[in-house]
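Reader: Please take a close look at one part for me: the surroundings of the ligand. Then tie them to the rest of the chain. Keep it brisk.

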Amino acid sequence: RIMITGCLGQIGSELVDRLRREKGVDNVLATDIRKPEDHRIVKGGKFEVLDVLDEERMYELAKEFEADTMIHLASLLSSVAEDKPQIAWHINMSGLMNALEVARKLDLQFFTPSSIGAFGPETPKVSTPQDTLQRPKTMYGITKVAGELLCDYYHDKFGVDTRGVRFPGLISYDTLPGGGTTDYAVEIYYEALKAGKYVCPLGEDTAMDMMYMPDAINAIIKLMEIPEDRLVHRNAFNISAMSFTPKDILASIQQEMPEFTMTYEVNPKLQGIADSWPDSLDCDAAAKEWDFKPEYGLEEMTKDMLVKLKAKLFVEA
Ligand code: VAH
């Protein structure tokens with residue numbers, strides 16, 4: 001029985017759908033700080049309002065629901081965290097501590113994501129190793145490194161079965177991302193369909209690791225179901241499906257929409273964050289320890305994104 005925080009977010013909204021389908025609607029408790037009554041996640045199964053800064057309520061909800069698993073997704077992302085770093089530390093770290101405490105007290109299996117944002121400018125940028133220097137210069141990255149260490153601590157000290165992945169930029173057509181540095185790679189598809197052109201906030205050669213959402217959801221489920229004795233690492237595994245630049249994604253969209261055009265207006269804040277992150281990750285540990293294998297590359301993702309987004313935008317239009 002799985003309790004999830006941050007369910008109205010980019011990952012949460014799709015993970016809840018998938019788990020409700022696979023585990024049964026009544027075995028998933030979705031929570032978020034907001035409760036939009038007409039949202040499918042609210043209407044489609046068990047949903048409770050939860051501010052992850054309220055440990056007591058989190059504990060009560062998990063206990064009442066008889067949860068055996070906690071998936072903690074509520075967090076501020078890299079770009080928005082740079083605008084309010086103190087609040088980002090508070091939400092990302094106190095929220096995580098509360099979720100870990102509930103997992104410890106109720107003996108829950110635990111998942112929370114880290115990010116390529118957990119690496120910094122001194123980290124090797126190409127084939128970034130699983131175990132390497134992590135001195136991020138963003139508040140988001142600092143909370144992700146601290147989060148990785150805290151989750152490993154809760155495993156080593158209290159025996160909590162904590163697991164996590166370092167997500168690359170995630171691309172999806174269902175729910176918009178909430179203020180990340182990789183959001184351009186989602187916005188570009190919307191603009192291609194709505195306007196036929198896009199003004200990219202990052203330089204054309206800015207390479208970052210990326211992944212299509214179906215691969216991200218599969219990764220969470222696969223990592224959580226692998227027998228513990230296969231794990232050498234826990235928090236958190238490098239995973240990625242592709243590494244591309246704005247120039248690459250432009251070309252992949254133009255293959256489907258030749259008339260699509262893009263110009264560049266570099267946003268110094270976003271460029272600074274993106275430049276401090278790896279260009280491409282080494283994902284061997286995830287492949288070896290829990291058979292991680294993504295299915296979508298850039299061309300397949302672009303084809304699927306444009307088809308699904310067109311249907312969605314057309315319905316909404
Ligand atoms: C962000 N989408 O941009 C998130 C993610 C690797 C990127 O952490 O902050």
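Author: A helix here is a DSSP run of H or I with at least four residues, numbered from the N terminus. E56 is found in one such run, helix α3, residues 55-65. The model is a predicted one.

Now the ligand. Which residues are around it? They are L77, S78, S115, I116, Y140, F167, P168, G169, G180, T181, T182 and W277. By class, this shell holds 6 nonpolar and 6 polar residues. It has no charged residues.

Next, the polar pairs. S78 has a polar side-chain atom 2.6 Å from an oxygen atom of the ligand. For S115, a polar side-chain atom lies 2.8 Å from a ligand oxygen. T181 takes part through its backbone: a polar backbone atom is 2.7 Å from an oxygen atom of the ligand. The protein covers 95% of the ligand's accessible area, which is 270 Å² for the ligand on its own.

Where does I116 sit? Its place is the loop between β6 (114-115) and α6 (139-158). Is I116 buried or exposed? I116 counts as buried because its relative accessible area is 0%, and the cut-off is under 20%. Set aside the neighbours within four places in sequence. I116 is then in contact with R166, F167, P168, D209, W277, P278 and L281. I116 and G141 are 25 residues apart in sequence, yet their C-alpha atoms are 8.2 Å apart in space.

The loop between β6 and α6 also holds S127. S127 is not glycine, yet its phi is positive, near 50°. Most residues other than glycine have a negative phi, and most peptide bonds are trans. S127 counts as partly exposed because its relative accessibility is 42%, and that class runs between 20% and 50%.

D291 has a positive phi too, near 60°. D291 is found in the loop between α11 (284-290) and α12 (298-316). With a relative accessible area of 35%, D291 is partly exposed.

There is also a cis peptide bond. It runs from N235 to A236, with omega near 0°. A236 lies in the loop between α8 (213-225) and β12 (237-238).

Go on to T245. Its place is the loop between β13 (242-244) and α9 (246-256). T245 counts as buried because its relative accessible area is 11%, under the 20% cut-off. The side chain of T245 reaches the backbone oxygen of E204 at 3.4 Å. Leaving aside neighbours within four places in sequence, T245 is in contact with Y184, E204, D205, T206 and A207.

Back to E56. What class does E56 fall in? E56 counts as exposed because its relative accessibility is 64%, and exposed means over 50%. E56 and N98 are 42 residues apart along the chain, and 8.6 Å separates their C-alpha atoms.

Last, the record. An unreviewed UniProt entry carries the annotation "domain: NAD-dependent epimerase/dehydratase" for residues 2-239. Over residues 2-239 the chain is 42% helix and 17% strand. The end C-alpha atoms of that stretch are 23 Å apart.

Notes
Residues numbered from 1 in each chain as written. Predicted model: local features only at pLDDT ≥ 70, side-chain atom pairs only at ≥ 80, totals over all residues. Heavy atoms only, no water. Near = heavy atom within 4 Å. Polar contact = N/O pair within 3.5 Å; in protein donor to acceptor, adjacent residues only side chain to side chain. Areas by Shrake-Rupley, 256 points an atom, 1.4 Å probe, with all protein chains shown as cover. Nonpolar A, V, L, I, M, F, W, Y, C, P; charged D, E, K, R; others polar. Helix = DSSP H or I, 4+ residues; strand = E, 2+ residues; numbered from the N terminus. Buried < 20%, exposed > 50% of the residue type's maximum accessible area, 1.4 Å probe, protein only. Contact = heavy atoms within 4.5 Å. UniProt positions renumbered as here; feature names shortened; annotations may be inferred.
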